[in-house]
Amino acid sequence: MLSARFKPWHVALFLGKYAWLTARRRPVLVHFEVTLRCNAGCSFCDYWKTDASARASELKSFADAARFFNPMLVTFTGGEPLLRRDLESIVAEVDRAIALKYVTLITHGGMLTADRAESLWNAGVHQFNISLDYLDERHDLARGIPGLGAKIMAAIPAMRARGIDNIRFNTVIKNDNLDQIVPIVLRARELGVGVNFSVYTDAKNGNRDYLLSGEPERELADVVRQLLDIKRRRRGVITNSDYYLEQIPRYVGGEMREPCRSGIRTIHIDPTGRHSTAGVTVTRAARWERRGGSGAVGPARGTAGAQTL
Ligand SMILES: C[S@@+](CC[C@H](N)C(=O)[O-])C[C@H]1O[C@@H](n2cnc3c(N)ncnc32)[C@H](O)[C@@H]1O
Ligand code: SF4
């Protein structure tokens with residue numbers, strides 16, 4: 001389920017760039033956390049507690065870092081990235097800074113109108129990932145945004161009507177939404193969008209309430225079996241690899257640290273330009289830090305589960 005903006009010959013170009021980045025031990029994916037501020041109120045993530053005054057220290061442009069790392073994959077995230085009124089110019093500058101890239105925006109969707117989505121699409125976003133963990137009222141409650149689920153469901157057809165053909169749900173599998181996983185896939189199929197699953201972690205703020213260990217493990221294994229079965233029958237809706245899905249029960253059972261090792265080729269750039277990475281092989285990150293980031297000084301920000309070079 002790739003955007004029609006990409007043609008089959010782009011695959012060869014991306015493979016070439018991937019090989020080039022790998023040979024130079026550079027990050028493949030750079031996450032730009034354009035703000036840590038957020039207007040939600042999730043109990044599993046503390047970004048919304050960021051003081052409004054943090055706005056003053058947010059970079060106006062991430063183009064320097066984009067040019068420096070020259071990654072293949074770029075994600076704009078946060079906090080809530082749509083709180084940045086200048087997000088279009090941030091995206092457009094990064095778009096101009098990197099010749100070959102695939103750009104994703106992750107949002108809770110509470111402020112995602114068709115107009116805003118279209119201007120971000122025109123600025124250079126190739127894929128919209130909208131967080132959705134429940135189809136019922138639990139989603140609004142979990143995010144602390146009344147009417148959020150309904151807003152997302154209304155925004156998607158409006159975006160598609162504007163020609164935005166690459167939308168995915170970002171769904172975190174937790175102990176209290178196992179009943180929602182297959183229905184979310186079915187809803188995604190109806191709406192003509194994809195679903196990307198990840199697994200709940202307490203590494204963000206220490207909240208263990210949603211961890212998938214203990215009793216839900218059996219139910220989880222059954223849900224994963226159903227997802228693999230759906231994937232076999234209908235390719236393109238669930239965007240995770242079979243391998244990732246197959247590893248989820250092993251990860252939850254404590255047999256491995258994470259269901260995929262993509263983190264070792266990933267860099268996070270925070271709103272002030274400091275970096276953190278879960279990987280230790282990305283030598284370019286150390287050079288970025290020695291350079292002082294994008295105007296930032298001091299040590300790189302360490303995140304839970306991430307190792308700072
Ligand atoms: C930190 S949010 C930033 C973007 C935006 N505010 C949002 O929620 O979509 C990025 C993604 O991380 C997910 N997330 C937040 N807390 C998490 C946790 N404790 N475990 C796993 N995923 C989490 C969110 O659901 C979202 O899809
Ligand atoms: S998960 Fe997203 S919406 Fe929730 S507090 Fe964190 S940044 Fe905000």
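Residues are numbered from 1 along each chain as its sequence is written, while chains are lettered from A and ligands numbered from 1 in the order in which they are written.

**Figure 1. Overview of the protein chain.** The protein chain contains 10 helices and eight strands. Of its 309 residues, 39% are buried (20 or more other C-beta atoms within 10 Å of the residue's own; exposed means 12 or fewer, partly exposed in between; C-beta atoms are placed from the backbone). Among contacts (C-beta atoms, placed from the backbone, within 7 Å) with a separation of 6 or more, 72% join residues 24 or more positions apart. The mean pLDDT (the predictor's confidence in each residue, from 0 to 100) is 90, and 90% of the residues reach 70 or more. Residues 295-309 have pLDDT below 50, and this stretch has 36 contacts in the model beyond near neighbours in sequence. Where pLDDT is low, the predicted coordinates should not be read in detail.

**Figure 2. The surroundings of ligand 2.** Around ligand 2 lie Cys38, Ala40, Cys42, Cys45, Tyr47, Trp48, Gly78, Gly79, Glu80, His108 and Arg143. Six residues of this shell are nonpolar, three polar and two charged.

**Figure 3. Strands 2 and 3.** The two strands run parallel and are joined by four bridges; strands pair if DSSP finds at least two bridges between them. Leu73 is placed opposite Tyr102 of strand 3. Five of the six residues of strand 3 are buried, so this strand is largely enclosed by the rest of the structure.

**Figure 4. Helix 3 and its packing.** Within helix 3 (residues 87-97), the buried residues are Leu87, Ile90, Val91 and Val94. Seen down the helix axis, they fall within an arc of 95°, so they line one face of helix 3; the arc is that of the directions from the helix axis to the C-beta atoms. They pack against strand 1 (29-35), helix 2 (63-69), strand 2, strand 3 and helix 4 (114-123).

**Figure 5. Helix 4 and its two sides.** Ala117, Leu120 and Trp121 are the buried residues of helix 4. Down the axis they span directions within an arc of 105°, so they line one face of the helix. Asp115 and Asn122, on the other side, are exposed. The packing partners of the buried residues are helix 3, strand 3, strand 4 (127-131) and helix 6 (148-161). Gly124, which follows helix 4, has a positive phi, near 135°.

**Figure 6. The loop holding Pro146.** Pro146 sits in the loop between helix 5 (138-143) and helix 6. Pro146 has 12 other C-beta atoms within 10 Å and is therefore exposed. Gly110 is 36 residues from Pro146 in sequence, and their C-alpha atoms are 9.3 Å apart in space.

Terms used. This is a predicted model: local features need pLDDT of at least 70, side-chain atom pairs count only at pLDDT 80 or more; totals for chains, interfaces and linings use all residues. A residue is near a molecule or strand if its C-beta atom, placed from the backbone, lies within 6 Å of it. Ala, Val, Leu, Ile, Met, Phe, Trp, Tyr, Cys and Pro count as nonpolar, Asp, Glu, Lys and Arg as charged, and the others, Gly among them, as polar. Two residues are in contact if their C-beta atoms, placed from the backbone, lie within 7 Å.
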